[in-house]
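Welcome! Please take a look at the sequence and the 3D structure shown here, and then read on for a short tour.

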Amino acid sequence: MRIGQIDIDRPVILAPMEDVTDRAFRQLCKRHGADIVYTEFVSAEAIRRGAEKSIRKLAMDEHERPVAVQIFGGTVESMVEAAAIAESYEPDYLDINFGCPVKKVAGRGAGAALLKEPEKLLAIASAVVNAVSLPVTAKTRIGWDHDSINITDTVRRLEDAGIRAVAVHGRTRSDMYKGRADWGRIAEAKQACSIPVIANGDVWSADDAVAMFAETGADGIMIGRGSIGNPFIFAQAKHLIKTGERLPLPSYRDRIEAAREHLRLSLEYKGEKHGVLEMRRHYSTYLKGLPGVSKVRNLLVREPDPAVIVELLREFEATCEALDREGLLKEGGEFLNDHSPKLILNY
Ligand SMILES: Cc1cc2nc3c(=O)[nH]c(=O)nc-3n(C[C@H](O)[C@H](O)[C@H](O)COP(=O)(O)O)c2cc1C
């Protein structure tokens, strides 16, 4: 799959996720094999106003590359201005969000709301393409609702506007996150245009990743919720895609180490106070299914001192080790395809 200078065979990509894909999580996923990572979406209006919290989201690290910055907005003016500012942070490409279903975005004429206004969607896409020299991509859904599925039309329009690749989440706006993503519609989108199509929606395992490539014919795939607490999914998916063989499930040691690594990165980027707070919603997904997890989780989410958190994780690992020696642990615990319902409700 080619986007500007980036040329990767069947990339497995980390999806943009608000409050999740910050620098720490992006780097963690990169270390575990993600081929391309996306920032959380950033509001064009907020970038334009110079809102500090949003501007901070544009920053990235060299070793995250290739990395895309995603922006959203409901007017040509704000998007053009924000695109130029985002470009100055030197991501590998810029992505436009035409798929976000939540009220604070779609209710204000941005994100998925633009699927109901194809002329405006086209105007925004062309204006952003013309405003920057970086490649511009888009991420969208298959339509507003089931009576107005228009993904083939949308991808053609985006291609005409100069968009270099399009990520398609196989749900409508009205689906939100319900039901299953419709991979058949993604396959139709792939047939309808000649720019690369990135398939997205409901990849929870390496097997799903292989099936998604096969069923959609897409050039790349993008994983969102399936990577939360499970960055291993990238290496597992790539290994299965390229060799036809499955890597073993991550052990309790791997999972506790990933939580520690995530904590270290969060502290590095967000400082002690925010780094510790940020990590609190992640422990349960890293440790899910391991013995005595609720007890250790309760301690972890109350503890302000990172050194004590590291010690709690070490003690927890020692407990798991002891149980493992007695043969009382399943391989990898019950770590399959779950995600944190809390994170999804927030979104
Ligand atoms: C917590 C959360 C935050 C999200 N934030 C964004 C976002 O900022 N931009 C975006 O384009 N999609 C966002 N999404 C949608 C995901 O990128 C993805 O399209 C969706 O979750 C379906 O893929 P999955 O089944 O692999 O999770 C978000 C999803 C979740 C669960």
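In this predicted model, an oxygen atom of the ligand lies 2.5 Å from an N or O atom in the side chain of asparagine 200. That is a polar contact, a term for a pair of N or O atoms within 3.5 Å; within protein, one must be able to donate a hydrogen and the other to accept it, and residues adjacent in sequence count only if both atoms are side-chain atoms.

| Side chain | Distance from its N or O atom to a ligand oxygen |
|---|---|
| Asparagine 97 | 3.0 Å |
| Lysine 139 | 2.8 Å |
| Asparagine 200 | 2.5 Å |

On its own, the ligand exposes 610 Å², and the protein buries 98% of that area. Such accessible areas come from the Shrake-Rupley method with a 1.4 Å probe, and for residues only the protein chains shown count as cover. Around the ligand there are 18 residues, of which Glu18, Gln70, Asn200, Asp202 and Arg225 come nearest; a residue is counted here if one of its heavy atoms lies within 4 Å of the molecule.

Now a word on how to read the model. Residues are numbered from 1 along each chain as its sequence is written, and side-chain values use heavy atoms, with hydrogens and water left out. As this is a predicted model, local features need pLDDT of at least 70 and side-chain atom pairs count only at pLDDT 80 or more, while totals for chains, interfaces and linings use all residues. The term pLDDT is the predictor's confidence in each residue, from 0 to 100. Its average for the protein is 93, and 95% of the residues score at least 70. Over residues 334–347, pLDDT stays under 50, and the model has 33 contacts for them beyond four places in sequence (contact means heavy atoms within 4.5 Å).

Next comes helix α11, which spans residues 252–279 and includes serine 266. Helices (H or I, at least four residues) and strands (E, at least two) are DSSP runs, numbered from the N terminus. Is serine 266 buried or exposed? Serine 266 counts as buried because its relative accessibility is 1%; buried means under 20% relative accessible area, exposed over 50%, and partly exposed in between (1.4 Å probe, protein chains only). Beyond four places in sequence, serine 266 touches Ala24, Gly271, Gly275, Glu278 and Met279.

Glutamate 272 is also found in helix α11.

What about the cysteines? The structure holds 0 disulfides, a disulfide being a pair of cysteine sulfur atoms within 2.5 Å. For cysteine 29, the nearest cysteine sulfur is that of cysteine 100, 20 Å away. Cysteine 29 is buried, with a relative accessible area of 0%, and cysteine 193 is buried at 10%.

Finally, look at the backbone. Most residues other than glycine have a negative phi, and most peptide bonds are trans. Arginine 65 and proline 66, however, are joined by a cis peptide bond with omega about -10°. Arginine 10 has a positive phi near 40° and is partly exposed at 32%. Glutamate 90, in the loop between α4 (76–87) and β6 (93–98), has a positive phi near 60°.
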